[in-house]
Structure formats: C-alpha cells, structure tokens
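Hi everyone, thanks for coming. Please have the viewer open while I talk, and stop me whenever you like.

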Amino acid sequence: MNSFIENSIKAALNDIQTKKYNEAFFKLKKIIEFDQKNIVANFYIGNLYLQEKKYISALNHLELVVTEKPKFSEAYNNLGLVYMQLKNIQKAKKNFEKSIKYKTNFSDPYNNLGILFRNQNNISSAEQYFKKAIEINKYFLNSYINLMNLYERLNELDSFVSSIMGKKLLLYFFCNDLR
C-alpha cells in the first residue's frame, strides 16, 4: 500500500472515531479514485452509507469488499444489516450466517440473527441467537436488551429478571447509574 493511501486511511479512521463523517467520507472517496477496489476504503464507505440509510450505495461497496476479500466477516454482517433494511430476509440471513462461518466468535451477527428471527415471530430462534451473542461477549449490552425486550413481549420479564442473566443486566444498569 502506498503512503498516500495508508495516510489517508489513517486520517479517515481518525475522522470516523471523532464523528467527522463528512471528512472521512471525502478522504475515503479520494482513495477510491486512486484505487477503486481498496477493501478498507470500500468497507468504511459502505458503513457510512449504511449509517446514512443509503442502502443501495452501501450494498454496492460492501458487495465489492466481499468479492475482493471473501472471508471478511464484518463486511458480511453489515451486508446482512443492509439486506434486512431492504426487507430481503433470505439474503440478510445468508450474510449473517456467512459472517459467523468466517468468525465464529463475533457476537454481532448472532445478535442480528436474533433481531431477524424476532421480527419474524420465531421467538425460540431469536432467544437462542441473543443468548449465543451474550455467551460470546458477556459485555454486549444490545443482546441483553434485545433478550429482555423479547421476554417482556412474551410477558416473561419477571422470570428473566430473576434469572442470572437478568440479574447481570440489572447490576450493569445499577452500577452505571451510580457513576
């Protein structure tokens, strides 16, 4: 990788960390002008488009990423998110599953499959995927919240709160409220 691309990527990632998304986007687009198939630039541009709800543009960049780097788990996860927003449930599921295939200890696609199944009223699968995400990353708050909301929807929140998992979640919220 040449120094222009390397320095531009570092600067764009710094912009993303500091929430200067327009500046990051501009820098990443410059990289693409120089190297159309740059995996890092296309991945982050795809993510920025996803964040902006420009799903077709996100899809184009993320598809290019997995074409160039077929085992890029995070890109498959984000493709799954794009397809879920586009209401293409089969492609969303397929991409989340590919994400898991290439990185079994990545909790995000498990959580996202939980959301997908919850939205289809497949409660047992949703519960299974939320629990798997928590098993992989016990600090993944979104999965705890999704599981709690699932139990609330089933009128089983009391049994969840009395469970070990529920107690951990309540302890987390309590400790953060004390800060």
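Let me start with how helix packing is described here: axes are lines fitted to C-alpha atoms, for helices over the stretch in contact, and angles run from 0 to 180 degrees between N-to-C directions. Helices (H or I, at least four residues) and strands (E, at least two) are DSSP runs, numbered from the N terminus.

A word on where this comes from: what you see is a predicted model, in which local features need pLDDT of at least 70, side-chain atom pairs count only at pLDDT 80 or more, and totals for chains, interfaces and linings use all residues. Residues are numbered from 1 along each chain as its sequence is written, and side-chain values use heavy atoms, with hydrogens and water left out.

Now the overall picture. How many helices and strands does the protein chain have? There are 11 helices and 0 strands, and the pattern along the sequence reads α-α-α-α-α-α-α-α-α-α-α. The chain has 179 residues, and 39% of them are buried; buried means under 20% relative accessible area, exposed over 50%, and partly exposed in between, with a 1.4 Å probe and protein chains only. If you take the contacts in the chain with a separation of 6 or more, 40% of them join residues 24 or more positions apart, where contact means heavy atoms within 4.5 Å.

Let's go to the start of the chain. Helices α1 and α2 pack at an angle of about 160 degrees, and their axes are 8 Å apart. That makes α1 roughly antiparallel to α2. The cut-offs for that wording are under 35 degrees for roughly parallel, over 145 for roughly antiparallel, 65 to 115 for roughly perpendicular, and oblique for the rest. The crossing of α1 and α2 is left-handed, a term used if the near helix is turned anticlockwise from the far one by less than a right angle, with right-handed used if clockwise.

Which residues make that contact? On the α1 side they include F4, I5, I9 and I16, and on the α2 side they include Y21, L28, I31 and F34. Sorted by type, the residues of this contact divide into 11 nonpolar, 1 polar and 4 charged. For the sorting, Ala, Val, Leu, Ile, Met, Phe, Trp, Tyr, Cys and Pro count as nonpolar, Asp, Glu, Lys and Arg as charged, and the others, Gly among them, as polar.

There is a second pair to show you. Helix α5, residues 73-85, and helix α6, residues 89-102, pack at about 165 degrees with their axes 7 Å apart. That makes α5 roughly antiparallel to α6, and their crossing is left-handed. Among the contact residues are Y76, L79, L81 and M84 of α5, together with A92, F96 and Y102 of α6. This contact divides into 8 nonpolar, 5 polar and 2 charged residues.

On to charges. A salt bridge here is a side-chain nitrogen of Lys or Arg within 4 Å of a carboxyl oxygen of Asp or Glu. The whole structure holds 9 salt bridges, and I'll show three of them.

E6 is partly exposed at 37%, whereas K10 is exposed at 54%.

Next comes K30 with E33, at 3.7 Å between the closest N and O atoms. Both sit in helix α2, residues 21-34, 3 residues apart, about one turn of the helix. K30 is partly exposed at 34%, while E33 is exposed at 61%.

Then we have E52 and K54, whose closest N and O atoms are 3.4 Å apart. E52 is partly exposed at 37%, and K54 is partly exposed at 43%.

Leaving out residues up to four places away in sequence, N42 touches I32, Q36, K37, H61, L64 and V65. N42 and A75 are 33 residues apart in sequence and 9.9 Å apart in space, C-alpha to C-alpha.

The other is S107, in helix α7, residues 107-119. S107 is buried, at 6%. Neighbours within four places in sequence aside, S107 is in contact with A133, I136, N137 and F140.
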